[in-house]
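Have the structure open and follow along.

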Amino acid sequence: MKPILVGNWKNHPDSLARAASIASGLAKKSAQYKKLATYIAPPLPYLETVSKKIKGFGNLASQDIFFAPEGTYTGATTPDILKSFGVKLSIIGHSERRALGETNEVASDKIKCALRSGITPLLCVGEKERDAEGEHFEFIREELRLSLEGVRRKDDAGKLIIAYEPVWAIGKRSKEAMQPTDLAQMVIFIKKVLTDIFGREAAEMIPILYGGSVEGDNAKALIETGVNGFLVGHASLDPKMFGEIAAALETHA
Ligand code: PGA
């Protein structure tokens with residue numbers, strides 16, 4: 001399995017010209033991404049421009065997906081439209097969308113829609129806070145169980161990617177990211193939950209990524225925890241730092 005690196009640009013940068021310049025910055029170091037499965041998820045209006053710049057080394061991703069492949073839905077961008085731009089992967093159930101009201105049930109519909117459309121679903125799960133009693137483990141189990149409702153073990157499980165993103169660790173500096181020992185424990189737990197849902201053989205095929213303040217200086221320690229890659233927010237807008245993260249992942253290629 002190639003290490004996976006996904007850059008989630010969120011609603012940045014604030015102009016097409018800046019987006020083009022960041023994508024050009026990434027392209028200058030394209031060799032760094034060759035051994036990885038790299039995806040960039042820019043704001044939708046920048047898809048075409050970014051697509052051209054990253055063609056040689058990365059794939060386009062979207063930060064969300066609609067729950068119906070086609071139809072009449074004012075304001076929605078359906079999977080068919082995403083596909084026509086070359087989008088290969090969609091982030092689903094990101095905590096910032098869940099904060100706007102997206103439920104596990106909606107995430108489940110979006111996953112099934114992505115699968116039907118031939119787009120890889122990257123499901124995000126993550127607790128808002130941790131407590132000494134370990135309640136957060138049960139929270140993650142429920143998010144996984146409900147969001148993966150209706151995903152078929154045989155045909156679909158092998159096409160899924162999971163991103164574990166503890167909400168409290170998002171958007172900070174590397175020092176405040178999750179500690180590798182805690183992450184290693186959570187990775188084992190997620191694998192166990194996936195095994196309970198899909199069986200061992202299918203569960204072993206599902207990559208688990210970590211996201212939440214991954215930067216150049218903590219990527220090396222975090223990749224030693226058993227994760228298969230990273231979902232990177234702010235550092236993906238900084239070609240130098242994103243390159244450092246890619247270099248850390250390359251050692252696991
Ligand atoms: P961050 O964001 O890397 O800026 O913490 C990660 C994410 O929200 O996907």
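This is a predicted model: local features need pLDDT of at least 70, side-chain atom pairs count only at pLDDT 80 or more; totals for chains, interfaces and linings use all residues.

## The ligand site

| Residue | Atom on the protein side | Distance to a ligand oxygen atom |
|---|---|---|
| Histidine 94 | polar side-chain atom | 2.8 Å |
| Serine 213 | backbone N or O atom | 2.8 Å |
| Glycine 233 | polar backbone atom | 2.8 Å |

How much of the ligand does the protein bury? On its own the ligand would expose 280 Å², and the protein buries 99% of that.

Lysine 10 sits in the loop between strand 1 and helix 1, and its phi is positive, near 50°, even though it is a residue other than glycine. With a relative accessible area of 17%, lysine 10 falls under the 20% cut-off and therefore counts as buried. Serine 213 is in the loop between strand 7 and helix 9. Its phi is positive too, about 60°, and serine 213 is not a glycine either. Serine 213 is buried, at 5% relative accessibility.

## Helix 7

Helix 7 takes in residues 180–198. Does its length agree or disagree with what you'd expect? At 1.5 Å a residue its 19 residues should span 27 Å, and the end C-alpha atoms are 26 Å apart, so the two agree.

Its buried residues are Leu183, Met186, Val187, Phe189, Ile190, Val193, Leu194 and Phe198. Among the elements covering them are helix 6 (135–147), strand 6 (161–164) and strand 7 (208–211), along with helix 8 (200–203) and helix 9 (219–223). After the helix comes glycine 199, with a positive phi near 90°.

Strand 6, part of that cover, contains alanine 163. Alanine 163 counts as buried because its relative accessibility is 0%. Apart from neighbours within four places in sequence, alanine 163 is in contact with Leu122, Leu123, Cys124, Val125, Leu209 and Leu231.

Helix 5 has 14 residues, and the distance from its first C-alpha to its last is 20 Å, close to the expected 20 Å at 1.5 Å a residue. The buried residues here are Asn104, Ala107, Ser108, Lys110, Ile111, Cys113, Ala114, Leu115 and Ser117. They pack against helix 3 (79–84), strand 4 (87–92), helix 4, strand 5 (120–125) and helix 6. Helix 5, too, is followed by a glycine with positive phi: glycine 118, near 80°.

What does glutamate 102 touch? This residue lies in the loop between helix 4 (95–98) and helix 5 (104–117). Leaving out neighbours within four places in sequence, its contacts are Asp64, Gly93, Arg97, Ala107 and Lys110. With Gly93 there is a specific pairing, as the side chain of glutamate 102 reaches the backbone nitrogen of glycine 93 at 3.5 Å. Glutamate 102 is buried, at 11% relative accessibility.

Last stop: leucine 36, in the loop between helix 1 and strand 2 (37–41). Leucine 36 and leucine 249 are 213 residues apart in sequence, yet their C-alpha atoms are 7.6 Å apart in space. Beyond neighbours within four places in sequence, leucine 36 is in contact with Lys2, Pro3, Leu5, Ala246, Leu249 and Glu250. At 4% relative accessibility, leucine 36 is buried.

Methods: Residues are numbered from 1 along each chain as its sequence is written. Side-chain values use heavy atoms; hydrogens and water are left out. Helices (H or I, at least four residues) and strands (E, at least two) are DSSP runs, numbered from the N terminus. The expected span of a helix is 1.5 Å times one less than its number of residues. Buried means under 20% relative accessible area, exposed over 50%, partly exposed in between (1.4 Å probe, protein chains only). Contact means heavy atoms within 4.5 Å. A polar contact is a pair of N or O atoms within 3.5 Å; within protein, one must be able to donate a hydrogen and the other to accept it, and residues adjacent in sequence count only if both atoms are side-chain atoms. Accessible areas come from the Shrake-Rupley method with a 1.4 Å probe; for residues, only the protein chains shown count as cover.
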